[in-house]
Amino acid sequence: MCKIDILDIHSHILPGVDDGAKDLEESVKLLEMLKEQGVTAVLATPHFYGMQDSIEDFLERRENAKKALLSEIKDRDLPAVYIGGEILYFPGMGGIERVKELGITGAKYILLEFSVIDFNDNVCRDILNIRDNFGLIPIIAHIERYKQFKNYKKLLHLVEAGEILSQVNADSVVEGVFSKSAHKLLKKNLVHFIGSDTHSVKTRPPHMAEAYRIIGEKYGKETENRLKENSSRFLEELK
Ligand SMILES: [Fe+2]
């Protein structure tokens with residue numbers, strides 16, 4: 001089988017824009033670690049918190065950090081870097097035109113995270129409105145973390161029905177408090193993407209190779225390859 005490209009769809013590698021990489025040196029180190037783990041391209045997804053940040057400021061900060069990083073890694077043999085965001089959901093989001101600007105650059109997706117919430121019918125409808133109104137398919141970031149939220153099953157129904165997509169953190173596949181939840185989703189085939197969600201070299205380094213190895217061992221090569229191919233198809237859209 002020929003080698004396929006692997007995209008890490010969730011990372012905080014841009015320098016100084018959020019609680020991720022603190023400077024260019026750390027950004028480069030994270031890219032080197034991801035490369036060692038077989039990752040060929042990385043989607044940088046800095047946090048966007050609508051209650052404390054404006055879209056303009058976020059986009060400008062992200063653009064500056066992107067330029068700095070791309071110029072630093074130019075001509076170096078590191079994974080290609082693409083740009084997106086990890087957007088904290090807020091009620092009514094599906095009706096706000098400017099949400100379009102928060103999608104993943106060059107693709108028809110938006111990576112969404114949630115603070116404590118109830119996935120009731122209104123929220124589920126609002127999530128679908130983001131897709132229906134703005135053509136952005138929601139990908140639920142680290143979906144395994146929301147197991148304790150009210151009406152989690154309603155969110156999973158949307159994934160099951162193919163209405164939205166899901167991402168699980170590599171760390172949760174390997175170990176930790178959300179591991180049980182992550183493996184339940186993998187067992188049920190409800191995971192579309194694995195992401196590192198890496199923030200830092202010391203406290204939150206990437207564990208992509210280990211996660212894929214565990215998935216291959218537990219659920220078979222077919223599942224491991226399906227997840228890798230999903231990321232590869234995503235990458236084709238970004239190129
Ligand atoms: Fe994240």
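## Helix 7 and helix 8

In this predicted model, helix 7 (residues 208-219) and helix 8 (residues 221-238) have axes that come within 6 Å and cross at roughly 140°. Helix 7 is therefore oblique to helix 8.

The contact involves Y212, I215, G216 and Y219 on the side of helix 7. From helix 8, the residues K221, T223, E224, L227 and K228 take part.

Helix 6 spans residues 179-187, and A182, L185 and L186 in it are buried. Viewed down the axis of helix 6, these buried residues fall within an arc of 100°, so they line one face of the helix. As a general point, an α-helix has 3.6 residues a turn, so residues three or four places apart point the same way.

The buried residues of helix 6 pack against strand 8 (165-169), helix 5 (170-174) and helix 7. On the other side of helix 6, K180 and K187 are exposed. After helix 6 comes N189, which has a positive phi, near 65°.

An open sheet is formed by 6 strands with parallel pairing, in the order 3-5-6-7-8-9. Strand 3 (47-48) and strand 9 (193-195) stand at the edges; each has a single partner strand, so one side of each is left without a neighbour in the sheet. In general, strands of a sheet pair through backbone hydrogen bonds, either parallel or antiparallel.

Within this order, strand 6 (residues 109-113) pairs with strand 7 (residues 137-140) in the parallel sense over 4 bridges. Y109 lies opposite I137 of strand 7. Strand 7 also pairs with strand 8 in the parallel sense, over 2 bridges. There, I139 has L165 in strand 8 as its bridge partner.

## The burial of strand 8

How many residues of strand 8 are buried? Strand 8 is mostly covered, with 5 of its 5 residues buried. L165, Q167 and N169 point one way from the strand, whereas S166 and V168 point the other way, and all are buried. Strand 8 is also one of the elements against which the buried residues of helix 6 pack.

Strand 2 (residues 41-44) and strand 4 pair in the parallel sense over 4 bridges. V42 has V81 in strand 4 as its bridge partner.

## L24 in helix 1

L24 belongs to helix 1, which covers residues 24-36.

When residues up to four places away in sequence are not counted, L24 touches P15, A68, L69 and E72. G216, one of the residues at the contact of helix 7 with helix 8, is 192 residues from L24 along the chain, and the C-alpha atoms of L24 and G216 are separated by 33 Å.

Conventions
Residues numbered from 1 in each chain as written. Predicted model: local features only at pLDDT ≥ 70, side-chain atom pairs only at ≥ 80, totals over all residues. Pairing = 2+ DSSP bridges. Axes fitted to C-alpha atoms, helices over the stretch in contact; angles between N-to-C directions. Parallel < 35°, antiparallel > 145°, perpendicular 65-115°, else oblique. Contact = placed C-beta atoms within 7 Å. Buried ≥ 20, exposed ≤ 12 C-beta atoms within 10 Å, placed from the backbone. Arc of directions from axis to C-beta.
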